[in-house]
Amino acid sequence: MKSISLYVDIQSPIHSIDPITKLIYTLVFILVPYILPHYEIAISCLILTLIILLTAKVIRQVIPIVSLSLLLISTIFIIQGLFYPGNSITAFKVIGIAFYHEGLRYALGISLKFINLLCCSAIIILTTRPSDLIEALVRLGLSPKLGYVMSSVLQIIPQMTGTTQKILDAQRSRGLETEGNIFIRVKAYIPLLIPLVMNSLIETNERSMALEVRAFNSKHRRTFLFEKKTSKKMLVIRYLILVFLLGAILWRFIK
Amino acid sequence: MDTLVVKNLSFAYQPGIEVLKEINLSFTNCPTAIIGQNGAGKTTFVKLLKGLLQPIQGDILVKGKNTKEYSVASLTKHIGLIFQNPNDQIFKSNVLDEVMFGPLNLKIDLEEARENALEALKQVQMEDKIKDNPYDLSLAERKLISIASVLAMKPDIIIFDEPTIAQDYRGMEIIKKIIYELKSQNKLIITITHDMDFVADNFSRVIIFQKGRVILDGFTKDAFSQKDILRNSFLEQPHITQLGRKLLIPETILTIEDFIRNFKSFTIPS
Amino acid sequence: MKKIVVEGLSYKYPLAKKLSLNNLSFTIEQGEFIGIIGANLSGKTTLCQALVGLVPHFYHGSFKGKVIVAGMNTMEHNIAGLAEKVGLVFQNPFNQISGAKLTVYEEIAFSLENLGIPQDEMIRRIEEVLELLDIHHLRAHNPFQLSGGQMQRLAIASIMAIQPEIIVLDEPTSQLDPQGTEEVFKTVQQLSSQGVTIIMVEHKIEKLAAYAQKIALLHEGELIDFAPPEQLFARTDLHKLGVRPPIFTQVVKGIGLDNNESKVPVTLKDTYEWVVKKFGHSGS
């Protein structure tokens, strides 16, 4: 694995949209169902998000995530159906235990918002390269140091698996047993862990020096290798989304 | 019986991309240098010898027994590999414990392990540092400790992976001395290296790997007279050999002593 | 023109018991190709760090004396400020990779982005160093997927792209095969002929003797000698100082070179000419 990411590397209209626009969409459409807590709103947001995911051809990758959350969702339904404070009207009974209308409706509300949150997040995670998102944030003003930390973690941690393999080879070469009962495996931890930690410390120290010498802390105004002009179309879309958010907030206060 | 036999060995990390192709080699106790371009398969080859990787095709016989029948730990008794980066293996807080780790894994008793470790440390001239923390020492000193760690297990076959990188003059002299002593103990020494002068000075046999195949296997003298094969493998002749060539000395020169001897009988007095 | 001026440089790392550098003084002219040799722990790496400001700004510790590179006093500028004028290529190429970039191409751009170089200039410089270091075919590769030798070339390329006036290289060929080593030396010499000042720490004495115009010999933190190779390697105390002369020099000493000579042959060519002159021997 070259770097940690769930990015799905295909072409689609959604993939071509810049990361910031997608980020704004995700944040707004997660918030709106909370600002206007009506089922219709949550369901509409979810449907719109699902359409976007379909256009991005990443629905397949979303299904496992949503299916896993179904377990959590059924738990919510059970607990709220049984114990929600405002429970009074019985919806149905199972082995004599009553599940109440109010609790189930409440659970439905929470579940819809939750699935919506997962799907909106999926838009960013599955259709945006982490490095592109981080660079977009840095262009907007995110501290380059923070941006670097985020970018490098994604690659450096997988690199450690390579180092771990080398350490494993070296220690096995000296007769370290790594297979067998739990006792043997636990004993093998220290000879593997210590070189890994020491290597990481030495590496980090040297890399910090290398970054310094490559002008990382330079006072110059940073430039970027790739031109990223935000098209008028994208700006319009961003404003529309933000206007939508404002509208939702206003409606909430009017009602 | 040959100490080490490699029969028709092939290996690939990923299916379809063969890193080693049909290698056939046998070793007695002639000190051998394996050279070749980066990526030619040298390190993969020694990992296979050590049992860290399994062949896709072919067999490796260590002292007559197939490596597939050994576990990595049991193979360690017979064949030792000194890795390039000592930081990949050092984990004890003092040098002596570090060097004793290997012997203790071989289930030798404590006293014997300690003796073997001290002996190995003397060989690498680090016996005055036994109480030091290895991470307080320089990289070159840690390299010598990783050599001692393997010597202490007293294998009959010892493989060095790039022992001369970052070594200074004193370090090189220690390594040469170690190789000399191992030779006199009749051990089989194999080294991977880029240092042609080091090869010419210490090893009688040269194997050149290129793109996963053995393209040359012969005496050092013969190997280093083949300028074209060397160049195609991104290698060069040792410096002393180049000098002998330039002065039209017919014999392939490998050491300074060689040169002086040949030169004296070849000079035309002015 | 004096590109590097070092006066009375002494330095001790924090928590160290001994000085790593002891009262070093020397000057280097623009465009010179200088070699640094010495036993391990003689202060070579510390000197490299002092030339780019890592000593004292990264390591702190006790710093005495003056180091002026390309007209800048290292005490008065931070490392990033010095980075535009003087570059350092470290020994271990793996740890020089930023880790933030997914391709070799972008990795080289990293330093240039930090320095605010305009985009078209960036692209021009990246193409240039890709060609120079023979890694243009690797431009789309992930930096971590390169071999040790390729990584080392990438590290050198990343520093060269900054186009500093001075480049310091600390054992830059350790992972490279003989031809790769030769290519690095040739490239670096080309830069030197174009006016870039080069400082290179190396153990490969024969190569250094053939390319460097002057060699500095360090021993236990002190500058013992700073002279052209033909003079430096004429010394008879080299082994005691933890270094050795080139094989060629050792050879001529064995076939009749006077120990009192102040200049000795250090390269293949020198040695050949010396033999012909002394023995009337005709070679190729």
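How many residues of helix H4 of chain C are buried? H4 spans residues 104-114 of chain C, and eleven of its eleven residues are buried. Buried means that 20 or more other C-beta atoms, placed from the backbone, lie within 10 Å of the residue's own.

Some ground rules. This is a predicted model: local features need pLDDT of at least 70, side-chain atom pairs count only at pLDDT 80 or more, and totals for chains, interfaces and linings use all residues. Residues are numbered from 1 along each chain as its sequence is written, while chains are lettered from A and ligands numbered from 1 in the order in which they are written. Helices (H or I, at least four residues) and strands (E, at least two) are DSSP runs, numbered from the N terminus.

Back to H4 of chain C. Its buried residues include C:Tyr105, C:Phe110 and C:Glu113. They pack against helix H5 (119-132) and H6 of chain C. Just after H4(C), C:Gly116 takes a positive phi of about 70°.

Next, strand E7 of chain C, residues 166-170. Five of the five residues are buried, so E7(C) is largely enclosed by the rest of the structure. In a regular strand the side chains alternate between the two faces of the sheet. In E7(C), both faces are covered. C:Ile166, C:Val168 and C:Asp170 sit on one side, C:Ile167 and C:Leu169 on the other.

What does E7(C) pair with? Strands pair if DSSP finds at least two bridges between them. Four bridges join E7(C) to strand E6 (residues 86-89) of chain C, running parallel. There, C:Leu88 stands opposite C:Val168. Five bridges join E7(C) to strand E8 (residues 197-201) of chain C, also parallel. Here C:Ile167 stands opposite C:Ile198.

Now chain B. An open sheet of six strands has the order E6-E7-E8-E3-E9-E10, with mixed pairing. Strand E6 (79-82) and strand E10 (213-219) of chain B are the edges, each pairing on one side only. Within chain B, five bridges join strand E7 (157-161) to strand E8 (188-192), which run parallel. B:Ile157 stands opposite B:Leu188.

Last, where the two chains meet. 32 residues of chain C are in contact with 31 residues of chain B. Contact means C-beta atoms, placed from the backbone, within 7 Å. Helices H6 (148-160), H7 (178-193), H10 (247-254) and H11 (268-279) of chain C each supply at least two residues of the side that touches chain B.

Methods:
Contact = placed C-beta atoms within 7 Å. Buried ≥ 20, exposed ≤ 12 C-beta atoms within 10 Å, placed from the backbone.
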